[in-house]
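Thanks for coming. I'll walk through one model today, chain by chain and then helix by helix. Please have the viewer open.

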Amino acid sequence: MERYIYLILLPLGGAFIIAALNAAVKSRDTRDITSDIIANLITLAMAGIALTSFGINGSYSVGGWPVPLGINIAADGFSILMLATVNTIAFCATLYSINYMDQYTSKSHYYSLFLLMLTGMNGVLLSGDLFNLFVFIEIASISSYALVGFGTEAEELEASFKYMVMGGIASTFILLAVAILYSSFGVLNMANISQAISVSSQTPLLKFSLFLFIAAFSIKAAIIPFHAWLPDAHPAAPAPVSAMLSGVLIKTLGIYAMTRIIMNIFAADVSILAPLGIISIMLGVLLALGQTDMKRLFAYHSVSQVGYIILGISLGTPLGILGGLFHLVNHSIFKSLLFLNSGAVAYRLGTRELNEMGGLNKVMPITGGTSFIASLSIAGMPPFNGFFSKLIIILACVQSGHPGFALWAVAGSILTLSSFMKVQKFAFFGKLAEKHKQIKEAPLMMSISVVILAVLCIATSLLVLPKVKNIVLQPAVDAVLSGAGYAKIIR
Amino acid sequence: MNDEKNISSGMSEVVKTVCNIVEGFIFVFGCYIVLYGQLSPGGGFAGGVILAAVFILIMLAFGKERVLKIMPRKRGAFIEALGALSFLAVAWAGLYVSGIFFKNFIPTTAASHFKLMSGGTILIYNIAIALKVMAGLFLVFFVLSITRVILEGDKLKMVKKQ
């Protein structure tokens, strides 16, 4: 019995158990506490399963039906790396939610949507079937639309609606592309389609479906010029949800699905993505420089950092893909940490405006310290994780004969540093305002969660060591590079 | 003023009478579609939509008070979660009975004369889906009918209708 299928079953079951409890239990306190416990136990178990699954390679036929007839669930190095990242971040986010979500009226609804979103993401990572990939993308997207608008204020509903329209367009593209592939080959299984494409001629219809996929996943990954929804949606969501959206959702639904489909199914040339990556790096960071809303600034940085990941993967060399995937893991850790920190500041101060903060290091040392670590990581300072992944991406650019790309990547990194200097100066250093003297450190669970992520920011630097790299990152790189060899995964 | 009171408690007497006659038939037809869907066109989703239509019909004809007596909001939410949970439970049972998730572990019989036909676990799945779709669709309709977006200053706000 492959235990990775529990990564889909546990959150799905948990979501509906919490929903049933929410309807059956009258007292709000009991409801909140039970949903806290259930959600945290489930995400803890899932993080445990995912982190101990490295090295697994295989597929599972749901219902016992053989492959072209039935649905299969497949795991290889790439999916396991993503699963470990997603579920670790999800555990930190649920731990953080225990205190943070007290501000909202309906905690159990929140947990049930959160677990559904997690089901969708894990499903995307494990699906070996194109139509199921689409279904899981929809599960994750639709629950994230609801989570973005969870506060039901005007701004949040507007952001959620915008996100829903853009996401809906992306989903339609995906469905259309899947329909084209199904009409061409008569199968929906990813491995079978991959085999069929490798022996068929490149018809215009196939190219059209590839472009539909690229456009759709670029919207989901918020690559410029498809990014318009992100700077609204990510700040509007509650902090742990922003951490999930920026940290893992755009990567799972966007980058993972795009890489899987371009590299493993179409086995196509990815170099067309490099210009998009460069544009995202530069425009994202330039747009971020002008922001004074803390979460909006972080959201623009997500666009920029996703550019780095795309740039690394688009080089198509082993080193480039290694850098891209390493940066993907690192970015999920430090970006969720930054969003959780901004949530802690907003929880105590009631504002996200950088101009109204200042000197918070004196009253919130844990939040200040961890956000300092995260800022240095995202700016690419040694010895934090962001330094190593950016270094690998830049080296890979030079190695593959694109020194121009390397220059842009360095320029983006310097601008990132200056932008985070601004955050640190305005929010955590400087003079503490008189009205903020009484502010206390963030509550216990929130602090524990950010400390775990800050430790991970330093610990993941160790992934560059050859011994650790060969267990964690190398199988993922090999899986991406194997191209149509992905088809071997089915038994 | 008397007219306004009538409007708030539903539609005209003709509609109410017709609704009283047909609602039972529609409900039975919905159950038939759910239960027979394992062997013929139909199934949990289609049947569930028909069952939800009964509640929506009652709500349109008589107003929301009467439908809330049969199906309060909390009960609807519970039935919906229960539908999803029982679907998952049957799928999970396959894992424990025969070692494969989603395995159809109840014996199925092929079509033959004078024998009872069975689709195995498909029947239970259909019932679970019907519960979920019935409650879910009704709740969507209900929530849409009780909320309203108003303009407050220059901001839109979502409020509960009185």
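A definition to begin with: helices (H or I, at least four residues) and strands (E, at least two) are DSSP runs, numbered from the N terminus. On that count, chain A has 20 helices and two strands.

Now the ground rules. This is a predicted model, where local features need pLDDT of at least 70, side-chain atom pairs count only at pLDDT 80 or more, and totals for chains, interfaces and linings use all residues. Residues are numbered from 1 along each chain as its sequence is written, while chains are lettered from A and ligands numbered from 1 in the order in which they are written.

Overall shape next. The radius of gyration is taken over C-alpha atoms, and the globule rule is 2.2 Å times the number of residues to the power 0.38. For the 491 residues of chain A the rule gives 23 Å; the radius of gyration is 21 Å, close to that, so chain A is as compact as a globular protein of that length. Its C-alpha trace spans about 70 × 60 × 45 Å along the principal axes.

Chain B has six helices and two strands. From the N terminus on, the order is α-α-α-α-α-α-β-β. Is chain B compact or spread out? Its radius of gyration is 20 Å, well over the 15 Å that the globule rule gives for 162 residues, so chain B is more spread out than a compact globule. The C-alpha trace of chain B spans about 65 × 40 × 25 Å along its principal axes.

Confidence. pLDDT is the predictor's confidence in each residue, from 0 to 100. Chain B averages 86, and 93% of the residues score at least 70. Residues 1-7 of chain B stay under 50. For that stretch the model has zero contacts beyond four places in sequence. A contact here means that two residues have their C-beta atoms, placed from the backbone, within 7 Å. For the complex, the predictor gives an ipTM of 0.87 and a pTM of 0.93.

On to the interface. The contact takes 18 residues from chain A and 19 residues from chain B. On the chain B side, helix 5 (73-98) and strand 2 (155-160) are the elements that give two or more residues. Helix 5 of chain B gives the largest share, nine residues. By class, the chain B side divides into 13 nonpolar, two polar and four charged. The classes: Ala, Val, Leu, Ile, Met, Phe, Trp, Tyr, Cys and Pro are nonpolar, Asp, Glu, Lys and Arg are charged, and the others, Gly among them, are polar.

Now helix packing in chain A. Axes are lines fitted to C-alpha atoms, for helices over the stretch in contact, and angles run from 0 to 180 degrees between N-to-C directions. Under 35 degrees counts as roughly parallel, over 145 as roughly antiparallel, 65 to 115 as roughly perpendicular, and the rest as oblique.

First pair on my list. Helix 1 (residues 6-24) and helix 2 (residues 28-51) of chain A pack at about 180°, with axes 10 Å apart. They are therefore roughly antiparallel. Among the contact residues are L10(A), G14(A) and I17(A) of helix 1, and I38(A) and I42(A) of helix 2. That contact has 14 nonpolar, four polar and one charged residues.

Next, helix 11 (residues 273-289) and helix 12 (residues 294-315) of chain A. Their angle is about 160°, with axes 7 Å apart. That makes helix 11 roughly antiparallel to helix 12. The crossing of helix 11 and helix 12 of chain A is left-handed, that is, the near helix is turned anticlockwise from the far one by less than a right angle; clockwise would be right-handed. The contact residues include G277(A), G284(A) and G307(A).

Last pair: helix 15 and helix 18 (residues 444-459) of chain A. The axes come within 10 Å and cross at roughly 30°. So these two are roughly parallel. This crossing is left-handed. In helix 15, T370(A) and A374(A) are among the contact residues; in helix 18, V451(A) and A454(A) are among them.

Finally, the backbone. Which peptide bond next to P225(A) is cis? The one from I224(A), with omega near 10°. P225(A) is in the loop between helix 8 (204-221) and helix 9 (230-236) of chain A. A222(A) is found in that loop too. Its phi is positive, about 60°, although A222(A) is not a glycine. A cis bond also joins P382(A) and P383(A), with omega about 5°. P383(A) is in the loop between helix 15 (365-379) and helix 16 (385-399) of chain A.
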